Amino acid sequence: METVETAGSAPAAVIVAIDGPSGTGKSSTSKAVAAQLGLSYLDTGAQYRAITWWMVHNGIELTDPTAIAAVAGKPEIVSGTDPLSPTITVDGTDVAGPIRTTEVTSKVSAVSAVPEVRARITELQRTIAASAEKGIVVEGRDIGTTVLPDADLKIFLTASPEARAARRSGELKGADVAATREALIKRDAADSSRKTSPLAKAGDAVEVDTTELTLQQVIECVVTLVEEKRAAK
Ligand SMILES: Nc1ncnc2c1ncn2[C@@H]1O[C@H](COP(=O)(O)OP(=O)(O)O)[C@@H](O)[C@H]1O
Ligand SMILES: Nc1ccn([C@@H]2O[C@H](COP(=O)(O)OP(=O)(O)O)[C@@H](O)[C@H]2O)c(=O)n1
């Protein structure tokens with residue numbers, strides 16, 4: 001009887017969900033893991049930031065969820081999923097820089113709490129994940145719980161508020177650590193307490209506390225977990 005040749009065949013697509021609060025290392029870990037394993041990469045926070053940027057740019061009243069909901073379907077958001085050079089555009093404009101301002105950061109939780117915004121962005125995320133041939137690492141707040149509940153691997157990253165604030169203020173050169181810590185805690189509270197798909201650990205997610213780990217250690221840990229899942233597929 002002939003044996004089926006499997007050696008050298010393409011591995012099945014693998015879907016990895018990485019969630020957690022701000023500054024736990026989601027973006028850096030996800031990009032590195034995806035690059036190392038030849039997978040696509042999606043930063044869902046960038047999508048919520050992009051729709052928030054569009055609302056600010058168009059003078060939408062962000063204290064009014066009805067006003068936000070009414071225009072949630074208008075901007076066209078496109079994410080490039082190469083982990084070595086991820087991109088994000090709104091109606092064709094590159095917004096990679098403008099979405100990182102303190103103004104957008106302070107307003108994104110109000111916009112991302114609106115159910116019409118979440119429905120629109122969630123649909124987009126599922127379409128992108130489904131079209132990733134080799135698989136994808138998707139990072140955010142509700143990927144394991146809501147967006148991709150059937151993901152092959154779910155990781156929930158945590159770290160102490162002190163470590164997260166130190167990391168973030170290191171990025172925003174000259175930013176005050178105490179003020180950064182307060183802003184992070186405020187955003188986490190808003191993201192965790194909203195009614196529609198709040199920031200939460202999925203029951204079947206592997207929790208990794210990164211407080212005492214180097215970024216390289218976290219990457220190695222996640223790569224090992226993905227390889228185990230791939231081998232079992
Ligand atoms: N384990 C770690 N140890 C030290 N610094 C880290 C670690 N993980 C990430 N960082 C750094 O912390 C900052 C925030 O990381 P990032 O990946 O953007 O977090 P998140 O996407 O969860 O907000 C980046 O400057 C990153 O290089
Ligand atoms: N899956 C996601 C990802 C982000 N978000 C929202 O988008 C904001 C920005 O996410 P981000 O990942 O860019 O934030 P940082 O951790 O990089 O600071 C979060 O504070 C949430 O309000 C969300 O609601 N759901």
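**View 1. Ligand 1 and the residues around it.** Count the neighbours of ligand 1 and you get 16 residues, with Gly 23, Lys 26, Ser 28, Arg 168 and Leu 213 the closest. Keep in mind as you look that this is a predicted model. Sorted by class, this shell holds eight polar, four nonpolar and four charged residues.

**View 2. Polar contacts to ligand 1.** Let's zoom in on oxygen atoms of ligand 1 and see what sits beside them. Gly 23 uses its backbone here: one of its backbone N or O atoms is 2.8 Å from an oxygen atom of ligand 1. For Arg 168, the gap between a polar side-chain atom and an oxygen atom of ligand 1 is 2.4 Å. How much of ligand 1 does the protein bury? On its own the ligand exposes 570 Å², and the protein buries 79% of that. Helix 1, helix 7 (161-171) and helix 9 are the elements that each give two or more residues to this shell.

**View 3. Helix 1 meets helix 9.** Here are two of those helices again, this time with each other as the topic. Helix 1 covers residues 26-37 and helix 9 covers residues 215-232; their axes come within 9 Å and cross at roughly 50°. That angle is why helix 1 counts as oblique to helix 9. As for handedness, the crossing of the two is right-handed.

**View 4. Ligand 2 and its shell.** Now over to ligand 2, which has 19 residues around it; Arg 49, Arg 118, Asp 142, Arg 187 and Asp 191 are the closest. Which classes make up this shell? Ten of the residues are charged, six are polar and three are nonpolar. Three helices each supply at least two shell residues: helix 2 (44-57), helix 4 (102-112) and helix 8 (177-193). Helix 2 gives the largest share, with four residues.

**View 5. Polar contacts to ligand 2.** Ser 22 has a polar side-chain atom 2.8 Å from an oxygen atom of ligand 2. Thr 44 pairs up with a nitrogen atom of the ligand instead, at 3.1 Å from a polar atom of its side chain. Ligand 2 has 530 Å² of accessible area on its own, and the protein covers 98% of it.

How values were computed: Residues are numbered from 1 along each chain as its sequence is written. Chains are lettered from A and ligands numbered from 1 in the order in which they are written. This is a predicted model: local features need pLDDT of at least 70, side-chain atom pairs count only at pLDDT 80 or more; totals for chains, interfaces and linings use all residues. Side-chain values use heavy atoms; hydrogens and water are left out. A residue is near a molecule or strand if one of its heavy atoms lies within 4 Å of it. A polar contact is a pair of N or O atoms within 3.5 Å; within protein, one must be able to donate a hydrogen and the other to accept it, and residues adjacent in sequence count only if both atoms are side-chain atoms. Accessible areas come from the Shrake-Rupley method with a 1.4 Å probe; for residues, only the protein chains shown count as cover. Ala, Val, Leu, Ile, Met, Phe, Trp, Tyr, Cys and Pro count as nonpolar, Asp, Glu, Lys and Arg as charged, and the others, Gly among them, as polar. Axes are lines fitted to C-alpha atoms, for helices over the stretch in contact, and angles run from 0 to 180 degrees between N-to-C directions. Angles under 35 degrees count as roughly parallel, over 145 as roughly antiparallel, 65 to 115 as roughly perpendicular and the rest as oblique. A crossing is left-handed if the near helix is turned anticlockwise from the far one by less than a right angle, and right-handed if clockwise.
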